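Dear colleague,

I am passing on the structure that you will find just below, and my notes on it follow. Please read them with the model open beside you.

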Amino acid sequence: MTDVDSSLLPEGLEDRLPAEAATTTRVMRSLQDVMHGHGYDRVLPPMIEFEKSLAARMAGIQSRRMFRFTDPSSLRMMGLRSDHTPQIGRIAQTRLAEAARPLRLMYAGQVLTIKSDGLNPAREKLQCGAELIGADNLAAATESVSLAVEALQAAGARGVSVDFTLPDLVDTLAAKAFPLDPAQIEAVRRELDTKDAGGLRDVGGEAYVPLLYATGEFESAIEKLFAIDAGGALASRITALREIAASLNGTARLTLDPSERHGFEYQTWFGFTLYAEGVRGPVGRGGTYRIAGAGEGEAATGFSLYPDALIDLLSASETPEDRVFLPLGHNREEAARLRSIGWRTVAALSDADSAEALGCTHVLGASGPELAKLP
């Protein structure tokens, strides 16, 4: 290994230097404070678990995206988490199986994947979210969406928008309204994913073509979806979407893409994606799902936020905190008092240290902090 190689990080991994790290701490604290205020309790699952446990809790979780290795102790295959949600499901169904429902849990930490997603080269990401275990209804969906929006806004996101989707749309329509053979269902899903009207017709999904145009601004798109749903198969879902949208009361821009499935592989009837002004790509996803377990498992509703891009945006414009330079021989009691009321202090360790060199905005003088005389 050359000296140059020894200073490099693997592709998709990066350091956060002091300014970005400070913004990261503030953003993560703000997100979690909102969730905590709504009654969510934090849990701290380990980074590594048995691969089978991580992959079996949710439909759509792909173990091939995880870093995997053999545990020298148990000789079983282990995996580094690529998503907290399966871990929250495990905790809910084991350690907290007897806890009262609905169970409100929150989490925050790093997730790691073998490959990056789309145009985002990052393989290690911050993930922060909340899960409402034992509830899959309109009230739970409304709480999850409004909580996610509130948390993002508290962290500094501006221009938050919510894009709703119906992950089980094809299954619901194929059952009766627009019948499909089981063999056709996956093909229709695929063509809807690629927004290919010609492809839909080729696989026998002519009736599904109008869904491609029931997208965009929420009010107009939901009216188009309502017009398509002549048989009423989606009536309850359309009503629920309208009520969820109304509950947000203008706090976010709303859009609808009912056939969107990317990122919603384990969601059931309802899903949503979150965006913020100036931030490239989604800042979060959520919806309803089932935790695999005894019988039919357990219903749940929740969301995951990915604030890295928001942190990058905010750290570029945040003003550095004031810091007080403490000269040699300073009054230690006064310095302690300043820290107790929120000041940051930086103590000189030699005559060569100065406020300018150590990036301090103030100097501790006889009467307290004084503005540093910088060139």
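What is the order of the strands in the open sheet of three strands, and is the pairing parallel or antiparallel? The order is β2-β4-β3, and the pairing is antiparallel. Before going further, please keep in mind that this is a predicted model, in which local features need pLDDT of at least 70 and side-chain atom pairs count only at pLDDT 80 or more, while totals for chains, interfaces and linings use all residues. Residues are numbered from 1 along each chain as its sequence is written, and side-chain values use heavy atoms, with hydrogens and water left out.

Helices (H or I, at least four residues) and strands (E, at least two) are DSSP runs numbered from the N terminus, and two strands pair if DSSP finds at least two bridges between them. In the sheet above, β2 (48–50) and β3 (68–70) stand at the edges with a single partner strand each, so one side of each has no neighbour in the sheet. The twist averages 35 degrees from one strand to the next, where axes are lines fitted to C-alpha atoms, for helices over the stretch in contact, and angles run from 0 to 180 degrees between N-to-C directions. Three bridges hold the antiparallel pair of β2 and β4 (residues 77–80), and Ile-48 has Leu-80 in β4 as its bridge partner.

Strand β15 (residues 362–365) has two pairings to look at. Strand β13 (residues 323–326) runs parallel to β15 and is joined to it by two bridges, with Phe-325 opposite Val-363. With β16 (residues 368–371), β15 pairs in the antiparallel sense over four bridges, and a hairpin joins β15 to β16 through two residues.

Helix α4 (residues 85–93) is largely enclosed by the rest of the structure, because eight of its nine residues are buried. What covers those buried residues includes β2, α3 (51–56) and β5 (103–112).

Thr-273, in strand β10 (residues 267–275), counts as buried at 3% relative accessibility. Leaving aside residues up to four places away in sequence, Thr-273 touches several residues, among them Ser-161, Phe-264 and Arg-285, contact meaning heavy atoms within 4.5 Å.

The structure holds 19 salt bridges, each a side-chain nitrogen of Lys or Arg within 4 Å of a carboxyl oxygen of Asp or Glu. Glu-186 meets Arg-189 in one of them (2.9 Å, N to O), and both lie in helix α7 (residues 182–193), three residues apart, about one turn of the helix. Glu-186 counts as partly exposed at 41% relative accessibility, whereas Arg-189 counts as buried at 15%. Glu-186 also forms a salt bridge with Arg-261 (3.7 Å, N to O). Arg-261 lies in the loop between β9 (253–256) and β10, so this pair ties together parts that are 75 residues apart in sequence. Elsewhere, Glu-334 forms a salt bridge with Arg-337, the closest N and O atoms being 2.9 Å apart. Salt bridges that share partners also join Asp-171, Glu-186, Arg-189, Asp-193 and Arg-261 into one network.

With best wishes

Conventions. Buried means under 20% relative accessible area, exposed over 50%, partly exposed in between (1.4 Å probe, protein chains only).
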